[in-house]
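Here is a friendly briefing to read alongside the model.

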Amino acid sequence: VHFFNSFFYKQLVAKGYDGVKRWTKKVDLFSKWLLLIPIHLEIHWSLIAVTMATKTISYYDSQGIVFRHTTNNIMKYLQSEAREKKQAAFQKGWKIAIIKGIPQQKNDSDCGVFVLEVSCYSCFLPVFVSIRHQYFCAIDESSKFPL
């Protein structure tokens, strides 16, 4: 998992790919399974999660607002990074998903907490499911442990 700095997106928009390409100089994004990119647009936070295996850019917003330009900017960034690092498989074929049906905030101040919660959920749920699966599969059927 790679979690981008909270200033990354603002710098990307202000200076383009050249303004942020050194931020991943020592990081191979294409070897990660998940990228988390917090998006701060003046008074509101949202989150972009990139699943590298499926080349899916998912947008999460706790107010249901869709800032389509943010996902497009991240897709262009990933394509530029793929060209720069000679990762032909990642230069095209990206999908964008606007995630609906997620918890919504009921005020104007919880969006930052939402971004942190979704980030934690995104990171740890697959690990928990994997560990739980390994544990329960190791228990034989005669076990008295309640499944």
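Lysine 86 sits in the loop between α2 and β5 (95-98), where helices (H or I, at least four residues) and strands (E, at least two) are DSSP runs, numbered from the N terminus. The model is a predicted one: local features need pLDDT of at least 70, side-chain atom pairs count only at pLDDT 80 or more, and totals for chains, interfaces and linings use all residues. Residues are numbered from 1 along each chain as its sequence is written, and side-chain values use heavy atoms, with hydrogens and water left out.

**Loop lysines with positive phi**

- Lysine 86 has a phi near 55 degrees, a positive value in a residue other than glycine.
- Lysine 86 counts as exposed, at 71% relative accessibility; buried means under 20% relative accessible area, exposed over 50%, and partly exposed in between (1.4 Å probe, protein chains only).
- Lysine 55 also has a positive phi, of about 50 degrees, although it is not a glycine.
- Lysine 55 belongs to the loop between β3 (44-51) and β4 (56-60).

- Threonine 70, in helix α2 (residues 68-84), is buried, with a relative accessible area of 0%.
- Leaving out residues up to four places away in sequence, threonine 70 touches Tyr9, Ile39, Leu41, Ile48 and Tyr59, where contact means heavy atoms within 4.5 Å.
- Histidine 2 is placed in strand β1 (residues 2-3) and is buried, at 16% relative accessible area.
- Beyond its neighbours within four places in sequence, histidine 2 is in contact with Val27, Leu29, Lys32, Leu34, Leu35 and Leu36.

**Nonpolar cores**

- The largest nonpolar core has 22 residues; such a core is a set of buried Ala, Val, Leu, Ile, Met, Phe, Trp, Tyr and Cys residues joined through side-chain atoms within 4.5 Å.
- The residues with the most contacts inside this core are Phe8, Ile37, Ile48, Val50, Ile74, Tyr77 and Leu78.
- Two or more residues of this core come from each of α1 (8-20), β2 (34-41), β3, β4 and α2, and α1 gives the most, with 5 residues.
- Phenylalanine 8 touches Val20, Trp23, Ile37, Ile74 and Tyr77, not counting residues up to four places away in sequence.
- A second, separate core of 6 residues includes Leu34, Leu36, Ala49 and Ile102.

**Aromatic pairs**

- The structure holds 7 aromatic pairs; rings of Phe, Tyr and Trp (its six-membered ring) pair if their centres lie within 6.5 Å, and planes under 30 degrees apart count as stacked, over 60 as edge-to-face and the rest as tilted.
- Phenylalanine 90 and tryptophan 94 form a tilted pair, 6.1 Å centre to centre with 35 degrees between the planes, and both residues are buried.
- Ring pairs also link Phe4, Phe8, Tyr17, Trp23 and Tyr77 into a cluster.

**The largest pocket**

- The largest pocket has a volume of about 190 Å³, the space filled by probe spheres set on grid points joined across faces, edges and corners.
- On a 1 Å grid over the protein atoms alone, a pocket is an open set of points where a 1.4 Å probe fits, with protein on both sides within 12 Å along at least five of seven lines; lining residues have an atom within 4 Å of a point.
- Its lining consists of Ser6, Phe7, Tyr9, Lys10, Val13, His40, Leu41, Glu42, Trp45 and His69.
- The elements that give two or more residues to this lining are α1 and β2, and α1 gives the most, with 3 residues.
- The lining divides into 5 nonpolar, 3 polar and 2 charged residues (Ala, Val, Leu, Ile, Met, Phe, Trp, Tyr, Cys and Pro count as nonpolar, Asp, Glu, Lys and Arg as charged, and the others, Gly among them, as polar).
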